[in-house]
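Thanks for opening this one with me.

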Amino acid sequence: MAAKEFKAESKRLLDLMIHSIYTHKEIFLRELISNASDAVDKLYFRSLTDDSVALKKDDFCIRISVDRDARTLTISDNGIGMSKEDLEENLGTIAKSGSFEFKKEHEKTDDVDVIGQFGVGFYSAFMVASKVTVVSRAFGTQEAWCWESEGAEGYTVTPCKKATAGTEITLVIKPDTEEEHYDEFLDENRLAGIVKKYSDYIRYPIRMLREKRRPIEGTDKDEQGNFKMPEYETYTEDETLNSMVPLWKRAKSDVSDEEEAAFYQEKFGDWNKPAKVIRSKTEGTATYTAMLFIPSRAPFNYYTKEYEKGLQLYASGVLIMDKCADLLPDYFSFVRGLVDSQDLSLNISREMLQHDHQLRLIRTTLERKIKNELSAWLKNDRSAYEEFFKNFGLQLKVGCYEAYGANKEHLQDLLLFYSAKKESMVTLREYVDAMPEDQKYIYYAAGESTEKLSKLPAAENILDKGFDILYLTQDVDEFALQMIREYDKKEFRNISGDDLGLESETEKEEIEAANEAHKELFAAMKEALGDKVAEVKLSQRLKSHPVCLSTSGALSIEMEKVLNNMPTGEKVSSRKILEINKNHKVFASLEKAFAAGDKEKVAAYTNLLYAQALLIEGLPIEDPVAYANEVCELMQ
Ligand code: ADP
């Protein structure tokens, strides 16, 4: 019988499959099983109202069988089946497939991409098979038909025999080549693995007869009753490969914490139990079930470029994408888990998905859900939240900073900072609520460690006034706070910056006058330091220390350090001010030397004080040897 030609579009798709260089050819099985499951669904629904369907719910199944000698793999189902016309219509014309339609419009779309992410239905069988035979009998008819094709040549449809309704698809697996190991699709273990990976939640059992070995009973002891190696026998077991009911579809009360944890650990390859499980189920505008996990430790590559964010995406129980990045904003990239949507089709391309309205709805709802869960966690289980924050707080702070602070509003209340007064982590809300009435700003200091920060000269005065200071120790902290700008109408102030809002108007005038009185001394000191500082002046923030460095303008010393440590980019410089403590004995010595006209001494002291201020700030001094020599000279 002469072969019929495929319709033009089908031919193109078929070519794409036959010559596919796509590496994950295994998805063909997912596609065939999904078709089988749809066909079974159709007959099952019919059985609910039609007594002529003799099958009961438990009778429906999908079966996989392998004949290694004949190199065939067969997938059969007892679903609705196809008539001769159905076979012609469905398997002779495949231009309907969603992703293929899309590909026609966007020719540049990569073939590999289309196959990879979504498969292209039945024809994907030709990625692994040299010949495909479909024997089918439509429910309610007596005749069966055999559709057969070796690909490009076309196909034939001939009458045949089949005892019951349903479809049986037999693939002759291609021979192994140097690059491709098609043999793996004749390996039962491998097939079982593929089913588990993509089709675990198909609602009907996917069965396969498997050869197994077991010890023969009573052969594990010798005549004296001592244990020995038992003898083994081979037996065949009809195994159901899929677990059918997804954990996330079971009622929350039916799933124990242990089951959830084990599920997460197995599915997402984490040694540790999750720190938190978030379940979400909605119906209405977007119908989906989500099961999300917050890991208890950051993955080793979390803060590197290698880490890929994303959730597993299922369309009615069938995995269509392993890491769908579009479902999570970057600042929640630590969340793992899955979403199962009833509104997505299996054959939707990645490009279409990106613009998919449903997907965007899901993302928005999930984002809100995650945020609310984190807030509740912070409120109800503080120590667990603090542990979480140690792992992923950095990401939330980066989130406040990124996109010009577009997300700060809903992230700022999830942040924790170290409080100098409480010696523990506080939220911005807690800080502001504890502020004395006369405190105008939220104070912070940025540096390497809370220990070092607690020794900053500028901290003493503020803490003495009863004001708290947030100690920031991560590079991003100060950038994040500057982006947040203010919390509850209170602005942030670096304790090393200018204008700390600590003095009254009259105090300010007094300071001006005092600075004016020492104008000449400061000019001489500034001259000695040259461009290193912008200004020398009396300090308001010092209590017992003789000097400190402060800055004016947006760039602090700590930010200067961070930015200059970046591998790329230009060097930046903050506007530094050397501040002197008027009440310190050193200041009296300076004044004395200046009054005596000893310019050299004034310059030497100034340089020493400047070097000290640098050291206190954790900045390198330019010439350590010169500094050491000068100190020694003073000691002689
Ligand atoms: P899609 O599943 O996206 O429609 P396919 O190329 O996978 O595209 O399948 C084309 C059509 O062939 C299906 O829509 C279905 O009507 C029919 N079909 C495929 N496999 C089976 C099967 N096992 N039983 C019944 N009908 C099937």
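1. Leaving aside neighbours within four places in sequence, Val572 touches Leu555, Glu560, Leu563 and Asn564; contact here means heavy atoms within 4.5 Å. Val572 sits in the loop between α18 (557-565) and β22 (575-580). Its C-alpha atom is separated by 9.2 Å from that of Met559, 13 residues apart along the chain. Buried means under 20% relative accessible area, exposed over 50%, and partly exposed in between, using a 1.4 Å probe and protein chains only.

2. A word on the basis of these notes: this is a predicted model, in which local features need pLDDT of at least 70 and side-chain atom pairs count only at pLDDT 80 or more, while totals for chains, interfaces and linings use all residues. Residues are numbered from 1 along each chain as its sequence is written, and side-chain values use heavy atoms, with hydrogens and water left out. Helices (H or I, at least four residues) and strands (E, at least two) are DSSP runs, numbered from the N terminus.

3. Now please look at the open sheet. Its five strands come in the order β9-β10-β13-β11-β12, with mixed pairing; two strands pair if DSSP finds at least two bridges between them. At the edges are β9 (274-282) and β12 (318-324), each of which pairs on one side only. On average, neighbouring strands of this sheet are turned by 15° against each other, direction ignored.

4. How do β10 and β13 pair, in the parallel or the antiparallel sense? Strand β10 (residues 288-295) pairs with β13 in the antiparallel sense over six bridges, and Met291 stands opposite Leu338 in β13. Strand β11 (residues 311-315), by contrast, runs parallel to β13, joined by four bridges. Here Tyr314 stands opposite Asp340.

5. β11 and β12 pair in the antiparallel sense over four bridges. Across β9, β10, β11 and β13 lies helix α7 (residues 257-268), running at about 80° to β10. For such angles, axes are lines fitted to C-alpha atoms, for helices over the stretch in contact, and the values run from 0 to 180 degrees between N-to-C directions.

6. Next, a helix and its surroundings. The buried residues of helix α14 (residues 457-464) are Pro457, Ala458, Ala459, Asn461 and Ile462. What covers them includes β16 (442-446), α13 (450-454), β17 (469-472), β21 (547-552) and α20 (599-617). Just after α14, Gly466 takes a positive phi of about 90°.

7. Two packed helices are described by the angle between their axes and the distance between the axes. Helix α10 (residues 382-405) and helix α15 (residues 475-484) pack at about 50°, with their axes 9 Å apart. That makes α10 oblique to α15; angles under 35 degrees count as roughly parallel, over 145 as roughly antiparallel, 65 to 115 as roughly perpendicular and the rest as oblique. The contact is made by Leu394, Lys397, Val398, Cys400, Tyr401, Tyr404 and Gly405 of α10 with Val476, Asp477, Phe479, Ala480, Met483 and Ile484 of α15. These residues divide into ten nonpolar, one polar and two charged. In this classing, Ala, Val, Leu, Ile, Met, Phe, Trp, Tyr, Cys and Pro count as nonpolar, Asp, Glu, Lys and Arg as charged, and the others, Gly among them, as polar.

8. The axes of α20 and helix α21 (residues 624-635) come within 11 Å and cross at roughly 125°, which makes α20 oblique to α21. From α20, Ala604, Tyr605, Leu608, Ala611, Gln612 and Leu615 meet Tyr627, Glu630, Val631 and Leu634 in α21. By class, this contact has eight nonpolar, one polar and one charged residues.

9. Finally, which residues of α17 meet α19? They are Glu520, Leu521, Phe522, Ala524 and Met525, facing Phe587, Leu590, Glu591 and Phe594 in α19. Helix α17 (residues 519-529) and helix α19 (residues 585-595) pack at about 90°, with axes 11 Å apart, and are therefore roughly perpendicular to each other.
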